[in-house]
Amino acid sequence: MVQITYTDAKGTARTVNGEVGSTVMETAIKNSIPGIDAECGGACSCATCHVYVDEAFLPLVGAPEQAEEDMLDFAFDVRKNSRLSCQIKVTEALEGLRVTTPTKQG
Amino acid sequence: MTQGQIEEVIHTDALIVGAGPVGLFAVFELGLLDIRAHLVDILPKIGGQCSELYPEKPIYDIPGFPLITGQGLVDNLMKQIEPFHPQFHLGEMVVELETLGTPDAPLFRVRTDAGKVFEAKAVLIAAGGGSFQPKKPPIAGIDTYEGASVFYAVRKMEAMRGKRIMIVGGGDSALDWTLNLKPLAERITLVHRRDAFRAAPHSVNAMREWVADKQMDLLIGQVTELKGENGILSAAVVKGEDGSLHEVACDALMPFFGLTMKLGPIADWGLGLHENLVPADTAKFETNVPGIFAIGDINTYPGKLKLILSGFHEAALAAQKVHRYVYPDKKLSFQYTTSSTSLQKKLGVS
Ligand SMILES: Cc1cc2nc3c(=O)[nH]c(=O)nc-3n(C[C@H](O)[C@H](O)[C@H](O)COP(=O)(O)OP(=O)(O)OC[C@H]3O[C@@H](n4cnc5c(N)ncnc54)[C@H](O)[C@@H]3O)c2cc1C
Ligand code: FES
């Protein structure tokens, strides 16, 4: 189990346990974290699972692949640390991961 | 509609709202029972979520197909329903549903936003997660400009003549409109969050040539603020990658951020919605209004699974009850497509 903290646009933080091998989006949905819609269920085809990754974790999380970068065009207020959470796999290395959800998903 | 004009009404046995996989398979089940159907979908293409959201992705749980892509399934369904000659009305949203008949002999008048009118003995709502509609960017006050200065689609190009237009996005919609409106517009500014475009290379090249030629502008960044008065836009503020702010004078803004599903007009049809879903019984998938059915992702009942295969089952059962309304005097006997010569005749395989 890997601890992940989701902070919403208003600043409320929620910490939950994510299973290694699942995704940051799946962990959010399983734990009813608000601010992540995931309309397409993780197929990288809706951009409603957009999160900002805490700067400290950026090198560990890595850069998005081409398909994700393209899909990020459909998200709002995209920043340098923007990722689609369905494309981030939970690994041991991400212990303590912090992400923030944007004001609006879809 | 001006007074005195006679509305042309399209008469059909069944009207299907939504041309997703479930609406398509309903054509098959209805067709086997000699029930003709028209389908309406707001998308310009057939296939609902399968072709809009995941055409290339594999589906693993369609019975009999260990693997089939979203588009592959839609193509197969189209082939399967071909013998029944369904009539499609694409790019139109069903907006009104009026009850004309009685509970024993239902009749409905249905209207689309393009002004088409249907009269149907049964209506099958196969609207999935709702109609696909453009995503609206969360820019403060954007709704006050919608209609007059902010557009998600253009119905009449001429209305854009002489305007300073800002187009936002990096896909085919954004680039196509850039190319189409360029000859008409006073000035075009294309805004995209990064200097890479998903659109077809030839349109991207054309755009880049114009930019090099100073015939239009390209800004890398995101729109953060709109300026104007009384719903009329005068400028938009674009925040660049480095955080710098650029105010660009413009009369029209066209954002292209893809589509999202919104329930839309179905909410107003008196169907007793439960959490934006239409409750249906599980014997015939009829709603609280006799003659109106709800099948596929749009319906809800105890145990509902939002799967394509559930929708197919629902379509088959709904068709049985639709038959009672369309042919009140005919008795239905159960038949297999494998062995029934009459069914095979309908399918054109006998
Ligand atoms: C990424 C992804 C993967 C999936 N994978 C699977 C899978 O592996 N297996 C599986 O079984 N299911 C899967 N699904 C779910 C499956 O796609 C849906 O269950 C299925 O599409 C539902 O079909 P439908 O015909 O009910 O609705 P939809 O496919 O949603 O089609 C409804 C159509 O109705 C139209 N519409 C709605 N309202 C109106 C209106 N008022 N006027 C005009 N048109 C209207 C819409 O524009 C839409 O085109 C997946 C979904 C997604 C997003
Ligand atoms: S859940 Fe749809 S893109 Fe991530």
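This is a predicted model: local features need pLDDT of at least 70, side-chain atom pairs count only at pLDDT 80 or more; totals for chains, interfaces and linings use all residues.
Chain B contains 8 helices and 19 strands. The C-alpha trace of this chain extends over about 70 × 50 × 35 Å along its principal axes. Of its 350 residues, 49% count as buried. Among contacts in chain B with a separation of 6 or more, 58% come from residues 24 or more positions apart. One pair illustrates separation in space: Asp281(B) and Asp195(B) are 86 residues apart in sequence, and their C-alpha atoms are 52 Å apart. Asp281(B) belongs to the loop between strand 17 (278–279) and strand 18 (292–294) of chain B, and its relative accessibility of 24% places it in the partly exposed class.

The size of an interface is often expressed as the accessible area lost when the parts come together. For chain B and chain A this area is about 1,600 Å², with 48% of it on carbon and sulfur atoms. On the side of chain B, Lys135(B), Arg193(B) and Arg198(B) lose the most area to chain A, and together they make up 33% of what that side buries. The contact involves 16 residues from chain B and 21 residues from chain A. Across this interface there are 14 residue pairs in polar contact, both residues being at pLDDT 80 or more. The residues on the side of chain B that touches chain A comprise 5 nonpolar, 4 polar and 7 charged.

Side chains of opposite charge can pair when their charged atoms come close. Over all chains the structure holds 25 salt bridges, and 5 salt bridges are found across the interface of chain B and chain A. Arg193(B) takes part in a salt bridge with Asp73(A), at 2.8 Å from N to O. A salt bridge also joins the side chains of Arg193(B) and Glu69(A), with an N to O distance of 2.7 Å. This pair crosses between chains: Arg193(B) lies in the loop between strand 11 (187–192) and helix 6 (201–212) of chain B, and Glu69(A) lies in helix 3 (residues 66–72) of chain A. Arg193(B) is buried, because its relative accessible area of 15% is under 20%. Glu69(A), at 22% relative accessibility, counts as partly exposed.

Within chain B, the side chains of Lys45(B) and Glu52(B) form a salt bridge of 3.1 Å, N to O. Both residues are partly exposed, Lys45(B) at 36% relative accessibility and Glu52(B) with a relative accessible area of 25%. Another salt bridge connects Glu96(B) and Arg111(B), at 3.4 Å from N to O. Here the link is between distant parts of the chain, with Glu96(B) in strand 6 (residues 94–99) and Arg111(B) in strand 7 (residues 108–112), 15 residues apart. Glu96(B) is partly exposed at 42% relative accessibility. Salt bridges with shared partners also join Glu69(A), Asp70(A), Asp73(A), Arg193(B), Arg194(B) and Arg198(B) into one network.

Ligand 1 is located between chains A and B. There are 35 residues around ligand 1, of which Asp41(B), Gln49(B), Tyr54(B), Asp61(B) and Asp297(B) come nearest. An N or O atom in the side chain of Gln49(B) is 2.8 Å from an oxygen atom of the ligand.

Most residues other than glycine have a negative phi. Cys44(A), which is not a glycine, has a positive phi of about 55°. This residue sits in the loop between helix 1 (24–30) and strand 3 (50–53) of chain A, and is buried at a relative accessible area of 12%. Asn230(B), also not a glycine, has a positive phi of about 50°. Asn230(B) is in the loop between strand 12 (217–229) and strand 13 (232–240) of chain B. With a relative accessible area of 76%, Asn230(B) is exposed.

Ser310(B) is placed in helix 7 (residues 308–326) of chain B and is buried, with a relative accessible area of 12%. A polar atom of its side chain lies 3.2 Å from the backbone oxygen of Leu305(B). Apart from neighbours within four places in sequence, Ser310(B) is in contact with Tyr301(B) and Leu305(B).

Definitions and conventions
Residues are numbered from 1 along each chain as its sequence is written. Chains are lettered from A and ligands numbered from 1 in the order in which they are written. Side-chain values use heavy atoms; hydrogens and water are left out. Helices (H or I, at least four residues) and strands (E, at least two) are DSSP runs, numbered from the N terminus. Buried means under 20% relative accessible area, exposed over 50%, partly exposed in between (1.4 Å probe, protein chains only). Contact means heavy atoms within 4.5 Å. Buried area is the accessible area (1.4 Å probe) that two parts lose on being put together, summed over both. A salt bridge is a side-chain nitrogen of Lys or Arg within 4 Å of a carboxyl oxygen of Asp or Glu. A polar contact is a pair of N or O atoms within 3.5 Å; within protein, one must be able to donate a hydrogen and the other to accept it, and residues adjacent in sequence count only if both atoms are side-chain atoms. Ala, Val, Leu, Ile, Met, Phe, Trp, Tyr, Cys and Pro count as nonpolar, Asp, Glu, Lys and Arg as charged, and the others, Gly among them, as polar. A residue is near a molecule or strand if one of its heavy atoms lies within 4 Å of it.
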